[in-house]
Amino acid sequence: MDIVVIGAGPAGLLAALRAAELGARTILVTRAEVGGMAANDGPIPVRTLAQAARLLREARQLGIFGISVSEPILDYSRLLARTREVVQDVRDHAARREHLERVGVTIHENSGTARFVDPHTIETESGLRLRADKIILSAGGTSRRLPIPGFEWSATHSDAWSLTAVPPSMIVVGAGATGVQVASIFQAFGSRVQLFQAGPRILPTEDEDVSAVVAAAFRDSGMVVRENFGTIESFVKTPSGVRMTFTKDGARDSAEAALVVVAVGWVADTAGLNLSVAGVETNARGYVQVNGYLQTSASNIYAAGDITGRLMLVPQAVHDGFVAATNAVQGATMTLEEQVSPLGSFTEPEYAQVGITEAKARATHDVVVAMVRFDETARTIIDGRTTGFCKLIADRPTGKILGCHVVGERAVEIAQVVAIAMAGGLRVDKMAKVPLSFPTYAGILARAAYRAAQQIYPEFRGNDAVVEK
C-alpha cells in the first residue's frame, strides 16, 4: 500500500511514522521544512522567546536574595540567533526525522503547496506528481484574516516572532492564547503593549478567575488591556507605525503603535489544495470534515491535526496522526477517544487548565471548589512568586476531579500532574494522601485536594496544616 502524507507538522510526522511502521510505502510532502508551525513559528520558538523573558524577570529579582548585578540588557539579535539554533536543533534531533528515514519514509521538503489532481493524485509547486492508495491531509492551519480596510498593514503572530528588533510599541488585537503570548513576551522585552479584546474578558475560554488574575497582572506590568473595546473600522499606515480606528456605541476612537499584531483565530490551511476535485468536504467553519475515524468524505483520504479544527494543540495533533495513519493502513477500525487535555501558556504569569471550568462544572454537576492562593504556600513564598492560585474542582457525589485551573509560576507543569491524576481516575481524597515532596509546586495540589476532600469526606475535616505545601 502507498501512503502520501501532506504536511510535516506534529500530525504529519506521526502519521508518516505510523504508516511506515505498519508496512506502508510512505511519502511525506511538506511545503517548507520538516516540523511545521510547531517547530518553525509555534511552540518551539515561542517557548525560547518566553524563556528569555523569564530570565529577564528573574535577573531583576536577584536583589531580594542579596545578589547584586547590573540591570539586564536584551540583545535581541543574539536572542534571535539562539532561537534559530533551538529550532534547528529540534528539527535535527526531536522532530523524528532520523526515525522516519530509518523506517523508510521518503521525505520531500520545500515542495510548495500541494494540490489534488484527482482523489488519488497530488501535484506540488516544485513539480512533484505523486499517486497513492491513501492520502493523509495534515497541512495545518493559518492565521485568520479580517475583511477590514488597511488589514494589510497589520502583522500576524508569525511576523512578530520573526522581527529583527523589538518595536518600541505594539498593539495586539485578540486576547486568546496566541495574542496574550505575543503581548506578554514583548511587554517583557520593553515594548509598550496595548492588548485589545472584543469580548468582555481576555482568555475567554479559560476559567473566569484565571482571566481576571492574568489581566490584573498584565496591567500591573504596565500593559494597557482594553476589553469590550468595540469594532475595528480600519488600519492606516502612519509615519511612525499603524493607526487602528475603532468604534463603540457610536463613538470613534483610535490607537497607534509601531506594530499591530492581529491574533483573532486559526483557520484550516486548505487554500490551493483543490479539495473539491478529490471529493473532500469542509464544514461550515472551513475545516476538513472528518468522522470518528478521521476519514474525510472521500473514503481514501484522512485528515489529522489543525486542518480538522479539533483541539489545535501539538499533543492532540500527534494523537490524530496516529489514529489517521492506523485507519488509512489497516482500515477504519480505530476511533478517537475522549482525552484529558491539559492546556497552558508561557505568559507572565503562566496559566494552565485541565478539565472543565467552574462555571461549566456548576451547570452540570454538584461540585466542590478548592482554591489555594500562591501567597499562602511555602515554595511560592520562597521563590518570591506569590501571584496566582490553584483551583481544583471536584464532583461532590463521587470525589472525581472535574477540572483544575492554575495561574502563576509552574502553572503548566502543575496542570500536567492533575491531567495524569484525572486520566487515572484518581479521586480528590486519594490525591490528598499522596506524599508529594515539600516544598514543591506540585505539592500545592496536595493542599488543594485536601481542601476539596474536606468538603466531601468527614475523615478529612479538621486542620489542613497537616498537608502544608
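Student: Why does T48 count as buried?

Tutor: Keep in mind that this is a predicted model. Buried means under 20% relative accessible area. T48 has 14% relative accessibility, so T48 counts as buried.

Student: Where does T48 lie, and which residues does T48 touch?

Tutor: T48 lies in helix α3, residues 43–60. Not counting residues up to four places away in sequence, T48 touches L79, R82, T83 and V86. Of the helix α4 residues, L79, T83 and V86 are themselves among the buried ones.

Student: What makes the length of α4 close to the expected one?

Tutor: Helix α4 covers residues 76–93, which is 18 residues. From its first C-alpha to its last, α4 reaches 25 Å, and 26 Å is expected at 1.5 Å a residue. The two values are close.

Student: Which residues of α4 are buried, and how do you know that they are on the same side?

Tutor: The buried ones are Y76, L79, L80, T83, V86, V87, V90 and R91. They cover an arc of only 135° around the axis, so they sit on the same side of α4. The face turned away from that buried side carries R78, R84 and H93, which are exposed.

Student: How do you know that the length of α7 agrees with what a helix should span?

Tutor: Helix α7 has 12 residues, 177–188, and should span 16 Å at 1.5 Å a residue. The C-alpha atoms at its ends are 17 Å apart, so the span agrees.

Student: What makes α7 "mostly covered"?

Tutor: Nine of the 12 residues in α7 are buried. These are G179, V180, Q181, V182, A183, S184, I185, F186 and Q187. After α7 comes G190, which has a positive phi near 110°.

Student: What about a loop residue: why does V34 count as buried?

Tutor: V34 lies in the loop between β2 (25–29) and α2 (36–40). The relative accessibility of V34 is 2%, and the cut-off is under 20%, so V34 counts as buried.

Student: And why is D133 called partly exposed?

Tutor: Partly exposed is what falls between the buried limit, under 20%, and the exposed limit, over 50%. D133 has a relative accessible area of 36%, so D133 is partly exposed. D133 is found in the loop between β6 (129–131) and β7 (134–137).

Student: Which residues is D133 in contact with, leaving aside its neighbours within four places in sequence?

Tutor: They are M1, D2, H120 and N300. D133 and I3 are 130 residues apart along the chain, and their C-alpha atoms are separated by 6.2 Å.

Student: What lies between β13 and β14 in their hairpin?

Tutor: Two residues lie between them, and D249 in the turn has a positive phi of about 55°.

Student: Why are β18 and β20 at the edges of the other sheet?

Tutor: That open sheet has five strands in the order β18-β19-β22-β21-β20, with antiparallel pairing. β18 (343–345) and β20 (367–373) each have a single partner strand, so one side of each has no neighbour in the sheet. The twist from one strand to the next averages 5°.

Student: What describes the packing of α1 and α10?

Tutor: Helix α1 (residues 10–21) and helix α10 (residues 314–330) pack at an angle of about 35°, with axes 7 Å apart. The crossing of α1 past α10 is right-handed. Residues making the contact include L14 and R18 of α1 and G321 and F322 of α10.

Conventions:
Residues are numbered from 1 along each chain as its sequence is written. This is a predicted model: local features need pLDDT of at least 70, side-chain atom pairs count only at pLDDT 80 or more; totals for chains, interfaces and linings use all residues. Side-chain values use heavy atoms; hydrogens and water are left out. Two strands pair if DSSP finds at least two bridges between them. Helices (H or I, at least four residues) and strands (E, at least two) are DSSP runs, numbered from the N terminus. Axes are lines fitted to C-alpha atoms, for helices over the stretch in contact, and angles run from 0 to 180 degrees between N-to-C directions. The expected span of a helix is 1.5 Å times one less than its number of residues. Buried means under 20% relative accessible area, exposed over 50%, partly exposed in between (1.4 Å probe, protein chains only). The arc is that of the directions from the helix axis to the C-beta atoms. Contact means heavy atoms within 4.5 Å. A crossing is left-handed if the near helix is turned anticlockwise from the far one by less than a right angle, and right-handed if clockwise.
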